[in-house]
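Please read them alongside the sequence and the coordinates.

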Amino acid sequence: MTAIGLLEFARGPALWVSLAVLAAGSLWRIAGIVRLGAKPDLSEPRSTRLLAGALRGIFARMIPRTEFRHRSKLGVWNGYVYHLGLAVIAFGYLPHIYFIERLTGLAWPPLPGPVVYLSVGLTFVSLFIALMERLTDPVRRLLSGFDDYFSWGVVVLPLATGMIAIQQSDPLPLAVHLLSVELLFLWLPFGKLAHAFLVFASRGVTGAALARKGAPL
Amino acid sequence: MTERARSVLDAAKAPDARRAAREFVAQAGRDAAFQLEACVNCGQCADACHFHLVTGDPRHTPIYKLRPMLKAYQREAAPFASVKKALGLAPPEVTAAELHEWSELLYDSCNLCGRCTLVCPMGIDIAGLVRLAREGMAAGGFAPADLYKAAQRALDTGSPIGLRWPALKRQIELQEQETGLKVPIDVEGAEYLVVLTSIEIMGFPEIIGALARVFRQAGATWTIPSTGFEATNVGVQMGSREVAAELLQHIVDAAERLKVKTVISPECGHAYSALRWEGPNLLGRRYGFEVVQIVELLDRFVREGRLRLRGKDTRRLTFHDPCQLVRRGGLTEAPRRLMDGVSANSVEMPGAGAANFCCGGGGGVSAIHRAEGLRFAAFEIKKQQIEATGAEALVTACGNCRNVLEEAIEHYGMTMPVLGLTELVAQYLEPETRAG
């Protein structure tokens with residue numbers, strides 16, 4: 001297969017298949033959990049504002065509570081760097097906006113190139129710090145398994161291939177970049193990366209349960 | 001129900017990992033599953049756990065304590081479990097050896113205090129999941145022997161230490177002599193039913209006299225039942241809903257027999273969780289009465305002007321938050337308002353309220369003999385918190401906390417009285433005039 005042929009494959013069938021797996025896998029995972037069912041809570045609630053509690057749970061946990069901030073390790077703050085960095089790269093870079101527009105028809109003004117390039121650098125460093133912490137911190141090392149490391153690799157790969165593909169006229173680097181993104185789409189519903197959507201359910205469920213008791217979030 | 005509860009105790013005689021695994025899976029309903037699936041292994045919960053902070057042992061990371069439950073869930077019930085099983089990618093079955101090891105992690109080194117829940121960026125209620133995981137451990141026969149023995153005594157006598165009505169009756173009589181007030185027993189139609197814990201009855205019986213003074217001034221009718229007076233619920237601590245339901249039923253029966261409007265949950269954290277939050281779900285029906293924690297009631301009476309406080313304690317006092325009342329139970333402000341009412345010089349610990357550290361004995365840990373060393377070690381953090389306040393006396397609203405704190409204070413050679421909040425409030429009630 002030629003480089004052009006590979007790019008066409010990446011832009012065509014590979015993209016649609018990976019997006020279909022992303023959608024179906026995510027729905028399957030959510031449905032598989034929902035089908036487990038929940039019993040009604042028969043205790044008398046202190047508050048019935050459960051939706052507000054769920055929303056509060058979702059947003060409040062975006063930053064650590066004051067009482068825990070002084071103990072926060074580098075990893076806690078580093079998490080913000082690569083999450084925000086990835087968001088800036090994915091949604092602020094002009095070629096990515098074109099890509100999204102082609103798929104959905106939605107577009108928005110891009111961020112200036114230097115901002116995106118700086119984000120790429122920071123995110124790359126930040127992700128390697130995250131890996132180092134996972135490998136060296138006794139708690140994270142004990143907790144971590146194949147899923148954690150593979151998911152890390154699946155996130156780093158599009159970043160690395162994307163850096164190589166920047167301002168290249170050769171179709172091969174772009175094809176490889178697209179395929180690495182598609183690998184991310186394929187893996188996301190099945191591993192730890194699914195926290196991208198599971199986080200809302202988990203925080204929401206706990207937020208509602210604690211609100212029901214009037215307990216602190 | 002009694003037979004089902006007793007059958008749980010038989011599990012200890014022949015531990016069975018498969019039975020435990022089945023129960024882990026049964027406990028992983030929708031909400032628990034969303035939380036088990038959401039963990040990103042960030043390890044932030046380790047820094048919230050006093051057991052991890054004092055030992056530095058990574059196995060004491062709260063989320064790690066859930067590994068057997070997670071494995072069983074991923075193997076049998078998770079969304080892609082069947083596919084993973086077919087491909088040979090599912091986790092292996094949990095083993096008896098693994099569960100014996102995890103018994104220390106799920107019981108000795110967890111107070112169900114919920115600090116981990118508060119810190120988790122994914123919003124995972126880790127303490128709530130540990131409570132569920134204990135159901136599997138208890139059903140499989142892997143809970144600590146001390147808890148099975150306490151459950152046996154509770155099922156036999158109603159009390160985990162084997163305390164029966166004559167012992168309570170004697171303490172009531174002594175308190176009647178002490179206060180000159182009559183303590184109503186088995187009064188039908190009383191507004192409030194007071195239940196107590198064995199720790200209070202034997203260790204802090206002054207609470208009975210304090211309650212007599214409180215109810216007299218508030219002008220409320222109350223009663224203590226001669227059966228169903230025990231609020232301690234070892235079933236909730238060990239993780240057996242059958243045992244927990246059986247014990248709760250005694251209280252519900254007493255409340256219904258005496259036709260009371262409100263049951264007062266005593267100064268005990270886990271008794272509050274059991275009675276207030278878990279009870280209706282364990283019994284499978286809503287109560288026909290209200291459950292109010294004693295601190296909540298005192299605060300209500302004071303705010304309504306039914307209790308009149310006079311004078312204040314001038315010592316430097318600090319309040320220890322019982323985890324199940326405050327962090328897990330939502331009673332953060334009520335004890336503080338009461339403290340302000342009776343103390344002229346109360347100071348807060350660092351992280352007071354939601355993030356206060358546990359005494360180290362909650363969640364049944366104080367009843368596990370083999371965990372004593374770890375419990376005293378964990379108290380080191382509480383000790384630092386207390387010392388940071390420069391307090392002369394500690395106040396709390398849980399008999400178990402009080403007992404554990406007193407033991408630890410003695411262990412560390414500290415000299416600090418530990419007071420019960422209800423007794424402190426009763427001490428500063430405006431004296432009753434004869435006409436009044």
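In what order do the four strands of the open sheet that holds β5 of chain B stand, and is the pairing parallel or antiparallel? I take this up in the first point below, with the reminder that this is a predicted model.

1. The order in this open sheet of chain B is β6-β5-β7-β8, and the four strands pair in the parallel sense. The edges are taken by β6 (346–347) and β8 (418–420) of chain B, each of which has a single partner strand, so one side of each is left without a neighbour in the sheet.

2. The pairings within this sheet can be followed strand by strand. Strand β5 (residues 317–320) of chain B is joined to β6(B) by two bridges, with S346(B) in β6(B) as the bridge partner of L317(B). Towards β7(B), β5(B) pairs in the parallel sense over four bridges, and here T318(B) has L394(B) in β7(B) as its bridge partner.

3. Chain B has another open sheet of four strands, in the order β2-β1-β3-β4, with parallel pairing. Here β2 (222–223) and β4 of chain B are at the edges, and each has a single partner strand, so one side of each is left without a neighbour in the sheet. Strand β1 (residues 192–194) of chain B pairs over three bridges with β3 (residues 262–265) of chain B, and within this pairing L193(B) stands opposite V263(B) while V194(B) stands opposite I264(B). In turn, β3(B) pairs over four bridges with β4 (residues 290–293) of chain B, T262(B) having E290(B) in β4(B) as its bridge partner.

4. Helix α16(B) deserves attention on two counts. It lies across β3 and β4 of chain B, running at about 155° to β3(B), and α16 (269–283) of chain B also supplies at least two residues of the side of chain B that touches chain A.

5. Which residues have the most contacts inside the largest nonpolar core? They are Y73(B), A151(B) and L193(B), in a core of 184 residues. Leaving aside residues up to four places away in sequence, L193(B) touches T223(B), P225(B), A254(B), A255(B), L258(B), V260(B), V263(B) and I264(B); among these, V263(B) is the residue that stands opposite L193(B) in β3(B).

6. The contact between the chains takes 48 residues from chain B and 46 residues from chain A. On the side of chain B that touches chain A, α3 (30–38), α8 (115–119) and α16 of chain B each supply at least two residues, and the largest share, seven residues, comes from α3(B). By class, this side of chain B has 24 nonpolar, 14 polar and 10 charged residues.

7. G123(B) is worth checking individually. Its place is in the loop between α8 and α9 (126–140) of chain B, and G123(B) counts as buried because it has 26 C-beta neighbours inside 10 Å. G123(B) touches several residues of chain A, namely G57(A), R61(A), S202(A), R203(A), T206(A) and G207(A). Within chain B, G123(B) and A38(B) are 85 residues apart in sequence, yet their C-alpha atoms are 8.7 Å apart in space.

8. For the chain as a whole, chain B has 21 helices and eight strands. Its radius of gyration is 22 Å, close to the 22 Å that the globule rule gives for 436 residues, so chain B is as compact as a globular protein of that length. The C-alpha atoms of chain B fill a box of roughly 85 × 50 × 35 Å along the principal axes, and 59% of the 436 residues of chain B count as buried. Of the contacts in chain B with a separation of 6 or more, 82% are between residues 24 or more positions apart.

Definitions and conventions. Residues are numbered from 1 along each chain as its sequence is written. Chains are lettered from A and ligands numbered from 1 in the order in which they are written. This is a predicted model: local features need pLDDT of at least 70, side-chain atom pairs count only at pLDDT 80 or more; totals for chains, interfaces and linings use all residues. Two residues are in contact if their C-beta atoms, placed from the backbone, lie within 7 Å. Ala, Val, Leu, Ile, Met, Phe, Trp, Tyr, Cys and Pro count as nonpolar, Asp, Glu, Lys and Arg as charged, and the others, Gly among them, as polar. A nonpolar core is a set of buried Ala, Val, Leu, Ile, Met, Phe, Trp, Tyr and Cys residues joined through C-beta atoms within 7 Å. A residue is buried if 20 or more other C-beta atoms lie within 10 Å of its own, exposed if 12 or fewer, and partly exposed in between; C-beta atoms are placed from the backbone. Two strands pair if DSSP finds at least two bridges between them. The radius of gyration is taken over C-alpha atoms; the globule rule is 2.2 Å times the number of residues to the power 0.38. Axes are lines fitted to C-alpha atoms, for helices over the stretch in contact, and angles run from 0 to 180 degrees between N-to-C directions.
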